[in-house]
Amino acid sequence: MKLYSYFRSSAAYRVRIALNLKGIAYETTPVHLIKDGGHNKRPEFRAINPQMRVPALVTPSGEILIQSLAIIEYLDETHPQPPLLPRDPIARAKARALADLIACDIHPLNNVGPLRYLKNAMGQAQSAIDAWYHHWILDGFEALEALIGSGPYACGDEVTIADICLVPQIYNARRLKVPLDKFPKINAVDAACMKLAAFDRARPENQPDAE
Ligand SMILES: N[C@@H](CCC(=O)N[C@@H](CS)C(=O)NCC(=O)O)C(=O)O
């Protein structure tokens, strides 16, 4: 498989973790999201993903899949072991809820495109943008901290799609210096995941395009 990725992209980071957990070999095609206004805006990448965002995954049959959660569910359906969603429907809905809380409610508000729009189109100062970023991460993390159980992972004893979304969001928060000390459960889940090779190999620092 081929993954269009950017080392710091948390959506691509999610897919890298899922590929590693499944033991699926893949090659990375880096797409620089910052240089020259973003190589993702070039026509050649637009032809891959009309939304001009990473990740995009090319399957062995040549299909191009976009949207990290759709890609992860495709990987889970085609490579069932280890499962990334619990079997029990209630536990499954809860794991998806944590993943959606991050992917739908936190991440879009601190993504490179919207932040760039706040700065360039809306003329916001960097300090206001940082305050915005911190606010939405803290708002989401407060809910997550209340929803996470006794661990070791976000939904209990097994790694799920919730952990796959949480770890990259924590990476983002730390990079932007959001204070996380008031979230002991979130920090503990992060530490438990980071002991796993699949998570470690997916870290931005371990990518071929890392800077
Ligand atoms: N909901 C999408 C989000 C994809 C996304 O926004 N990717 C970001 C990087 S994390 C991106 O490519 N941004 C480029 C831009 O907005 O210009 C997913 O889960 O795949």
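Two strands are taken as paired when DSSP finds at least two bridges between them. The model is a predicted one.

**The sheet.** Select the strands first. In the order β2-β1-β3-β4, 4 strands make up an open sheet with mixed pairing. Now colour β2 (27-30) and β4 (64-66): these strands stand at the edges with a single partner strand each, so one side of each has no neighbour in the sheet. Looking along the sheet, expect a twist that averages 25 degrees from one strand to the next.

**The β3-β4 pair.** Next select residues 56-58, which are strand β3. β3 and β4 run antiparallel and are joined by 3 bridges.

Show helix α1, residues 10-22. α1 packs on the sheet, where it touches β1 (2-5) and β3, and its direction makes about 155 degrees with that of β1.

**α1 against α7.** Finally, select helix α7, residues 161-175. How far apart are the axes of α1 and α7? They are 9 Å apart, and the two helices pack at an angle of about 135 degrees. α1 is therefore oblique to α7, and the crossing is right-handed. Display side chains at the contact: in α1, S10, Y13, R14, I17, A18 and L21 meet I164, C165, V167, P168, Y171 and N172 of α7. By class, this contact has 9 nonpolar, 2 polar and 1 charged residues.

Note on methods: Residues are numbered from 1 along each chain as its sequence is written. This is a predicted model: local features need pLDDT of at least 70, side-chain atom pairs count only at pLDDT 80 or more; totals for chains, interfaces and linings use all residues. Side-chain values use heavy atoms; hydrogens and water are left out. Axes are lines fitted to C-alpha atoms, for helices over the stretch in contact, and angles run from 0 to 180 degrees between N-to-C directions. Contact means heavy atoms within 4.5 Å. Angles under 35 degrees count as roughly parallel, over 145 as roughly antiparallel, 65 to 115 as roughly perpendicular and the rest as oblique. A crossing is left-handed if the near helix is turned anticlockwise from the far one by less than a right angle, and right-handed if clockwise. Ala, Val, Leu, Ile, Met, Phe, Trp, Tyr, Cys and Pro count as nonpolar, Asp, Glu, Lys and Arg as charged, and the others, Gly among them, as polar.
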